[in-house]
Amino acid sequence: MPIPVQRAETFYLPPPHLPPDAWNLVAPAERVFRWYEERVQRRVTPPDGYLIGQRVWARINHNRWVADCPCGSAQVVTPADPRTACTECGLGWLAVVFPEDPAAVEQSLDHLLPDRRNWWHPDDTGAWDRPPQPEPPAEPVAVPEGRG
């Protein structure tokens with residue numbers, strides 16, 4: 001059985017001093033705030049509203065579904081709660097665009113070691129870490145007769 005791709009609900013878990021089910025009633029996208037609070041030891045409040053019309057693309061990075069914030073931070077995300085908000089800059093909730101079948105994308109990477117599992121949404125052409133796409137071969141240029 002392959003190691004599953006991490007999603008917010010399996011990545012952001014309560015610390016050992018809390019019961020394992022302590023965050024079960026917290027929506028998966030909001031667990032990052034609890035997790036972050038535990039690590040930085042200060043209160044961080046999730047934003048109240050959405051940034052209407054704004055979206056970010058989900059991608060798999062080293063076996064984790066992530067979405068990048070425009071500030072340069074990123075959070076682990078999940079198709080079960082397709083939204084994200086930044087714990088660093090405080091940007092409001094953004095809609096996260098996942099592929100139509102996230103499980104199929106995960107399964108397509110099963111043959112790779114977890115640290116090699118990377119995937120980018122085909123419509124996300126601006127991802128900062130996306131490998132360059134090969135350039136199509138140049139069309140041959142016809143040389144007019146009598147020249148060349």
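## Terms and basis

A cavity, as the word is used here, is a set of points on a 1 Å grid over the protein atoms alone where a 1.4 Å probe fits but cannot get out, and its lining residues have an atom within 4 Å of a point. Grid points are joined across faces, edges and corners, and a volume is the space filled by probe spheres set on the points.

The structure is a predicted model, in which local features need pLDDT of at least 70 and side-chain atom pairs count only at pLDDT 80 or more, while totals for chains, interfaces and linings use all residues. Residues are numbered from 1 along each chain as its sequence is written, and side-chain values use heavy atoms, with hydrogens and water left out.

## The cavity

The structure holds one cavity of 30 Å³ or more, and the volume of the largest cavity is about 30 Å³. Its lining is made up of Ala29, Val32, Gln75, Val76, Val77, Arg83, Thr84 and Ala85. Two or more residues of this lining come from each of β4 and β5 (83–84), where strands are DSSP runs (E, at least two residues) and helices likewise (H or I, at least four), numbered from the N terminus.

By class, five of the lining residues are nonpolar, two are polar and one is charged; Ala, Val, Leu, Ile, Met, Phe, Trp, Tyr, Cys and Pro count as nonpolar, Asp, Glu, Lys and Arg as charged, and the others, Gly among them, as polar.

## Two open sheets

Three bridges join β2 to the antiparallel strand β3 (residues 64–68), and arginine 59 stands opposite valine 66 in β3.

Another open sheet of three strands has the order β1-β6-β5 and mixed pairing. Its edges are β1 (50–57) and β5, each with a single partner strand, so one side of each has no neighbour in the sheet. Two bridges join β5 to β6 (residues 93–97), and these strands run antiparallel, with arginine 83 opposite alanine 95 in β6.

## Helix α2

In helix α2 (residues 31–40), Arg31, Val32, Phe33, Tyr36 and Glu37 are buried, meaning under 20% relative accessible area (1.4 Å probe, protein chains only). The cover over these buried residues includes α1 (8–11), β4 and β6. After α2 comes glutamine 41, whose phi is positive, near 55 degrees.

Conventions:
Two strands pair if DSSP finds at least two bridges between them. On a 1 Å grid over the protein atoms alone, a cavity is a set of points where a 1.4 Å probe fits but cannot get out, and a pocket is an open set with protein on both sides within 12 Å along at least five of seven lines; lining residues have an atom within 4 Å of a point. Buried means under 20% relative accessible area, exposed over 50%, partly exposed in between (1.4 Å probe, protein chains only). Contact means heavy atoms within 4.5 Å.
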